[in-house]
Amino acid sequence: MAQIDMSGKRVLVMGVTNRFSLGWAIADRLRESGADLAFSYQGERLRETIEKLTADMPACPLFECDVTMEEDLQAVFGGLKEKWGSLDGVVHSIAFAPRDAMMGRYIDTSRDDWATALDVSAYSLVSVARHAEPLFSQGAGMVTLSYYAAEKVVPKYNVMGIAKSALEASVRYLAYDLGKKGVRVNAVSAGPVKTVAARSIPGFMSMYKEFRETAPLGRNISQEDVGNLALFLLSPLAASITGEVVYVDAGFNVMGMKLPD
Ligand code: NAP
């Protein structure tokens, strides 16, 4: 298989909890393609895991960063400016909604839960883009992770669906703002994959099974599928692609209805 060459490219990956994280799948493909990586993780409790995962990446910058904290973001991008001077890519693989907001009906979402979900899962892409902008090289790219519930109702996904809609709209507006500097912004809309965040969604396993039974390819997708698409979108092969939401979902999104065979 032809390889994508990312050697000499410097990419920040935000949002790895463990080896099942989609952020890690993307990091893995970027590393194989020769990119230099830096990581940010939400809190001290994840440091040991990230250190273990990156043990064979010498001099890999690691930053603690809660994306709702402006000073954390300043420290990450200030640190990258010092260590690298410039940046060729950012992977934004972060989402959160309070559990209560995903238990019942969307109509009952509290103001606080709505604001938290939108802040962490959508606004963070905007603030990350703003902090990264001065470091971006010509042709740099950002990739974020979305889900089909941005467009259609997926029961229980509730406020996270609204956050993903805001995220996808932000991708388009950020693509417009940063396009003037030759920087591209895209979203990967992935089918369900078993990760910590996914397993916290009530009824996730039913969703996982339903997906497989509906998708034209008749199967679920893998972490590697997501890594491959994100690698492509960050690479020079996607030099003229920006503002897009690209599916990696075994075709699930093209289906209007499922009928028994
Ligand atoms: P994951 O491994 O749990 O990754 C989510 C990451 O977001 C975690 O590292 C989490 O850190 C981080 N995060 C949450 N709040 C944060 C904050 N305030 N500051 C910084 N980081 C924060 O799960 P994942 O499935 O790979 O999720 C990655 C992205 O893919 C998310 O945007 C998700 O919506 C999207 N996605 C997932 C699927 C799927 O089925 N898995 C499908 C489509 C899209 P903690 O572990 O510390 O909370």
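Ground rules next. This is a predicted model, where local features need pLDDT of at least 70 and side-chain atom pairs count only at pLDDT 80 or more, while totals for chains, interfaces and linings use all residues. Residues are numbered from 1 along each chain as its sequence is written, and side-chain values use heavy atoms, with hydrogens and water left out.

Back to the two helices. Helix 3 covers residues 70-83 and helix 4 covers 111-132. They pack at an angle of about 40 degrees, with axes 10 Å apart. Axes here are lines fitted to C-alpha atoms, for helices over the stretch in contact, and angles run from 0 to 180 degrees between N-to-C directions. Helices (H or I, at least four residues) and strands (E, at least two) are DSSP runs, numbered from the N terminus.

Who makes the contact? From helix 3: Glu70, Leu73, Gln74 and Phe77. From helix 4: Ser127, Val128, Arg130, His131 and Ala132. Contact means heavy atoms within 4.5 Å.

Phe77 comes up again in the core. The largest nonpolar core has 90 residues, and Leu30, Phe39, Phe77, Leu80, Leu87 and Val188 touch the most other members. Such a core is a set of buried Ala, Val, Leu, Ile, Met, Phe, Trp, Tyr and Cys residues joined through side-chain atoms within 4.5 Å. Buried means under 20% relative accessible area, exposed over 50%, partly exposed in between, using a 1.4 Å probe and protein chains only. Leaving aside neighbours within four places in sequence, Leu80 contacts Leu12, Ala38, Phe63, Gly85, Leu87 and Leu135.

Leu30 sits in helix 1, among its buried residues. Helix 1, residues 22-32, is mostly covered, with eight of eleven residues buried. Its buried residues pack against several elements, including strand 1 (10-14), strand 2 (36-41) and helix 8 (223-234). Just after helix 1, Gly34 takes a positive phi of about 100 degrees.

Lys156 is at about 80 degrees, in the loop between strand 5 (136-146) and helix 5 (158-179). Lys156 is partly exposed, at 35% relative accessible area. Ala250 is at about 55 degrees, in the segment after strand 7 (245-248). Ala250 is buried, at 10%.

Now the aromatics. The count is five aromatic pairs. Rings of Phe, Tyr and Trp (its six-membered ring) pair if their centres lie within 6.5 Å; planes under 30 degrees apart count as stacked, over 60 as edge-to-face and the rest as tilted. Tyr147 and Tyr157 make a tilted pair, 4.9 Å centre to centre and 55 degrees between planes. Both Tyr147 and Tyr157 are buried.

Tyr148 and Phe252 have ring centres 5.4 Å apart and planes at 85 degrees, so that pair is edge-to-face. Tyr148 is in the loop between strand 5 and helix 5, and Phe252 is in the segment after strand 7, so the pair ties together parts 104 residues apart in sequence. Ring pairs link Tyr148, Phe211 and Phe252 into a cluster.

Last stop: Ser189, in strand 6 (residues 184-190). Buried or exposed? Ser189 is buried, at 2% relative accessible area. Not counting residues up to four places away, its contacts include Tyr147, Tyr148 and Val248.
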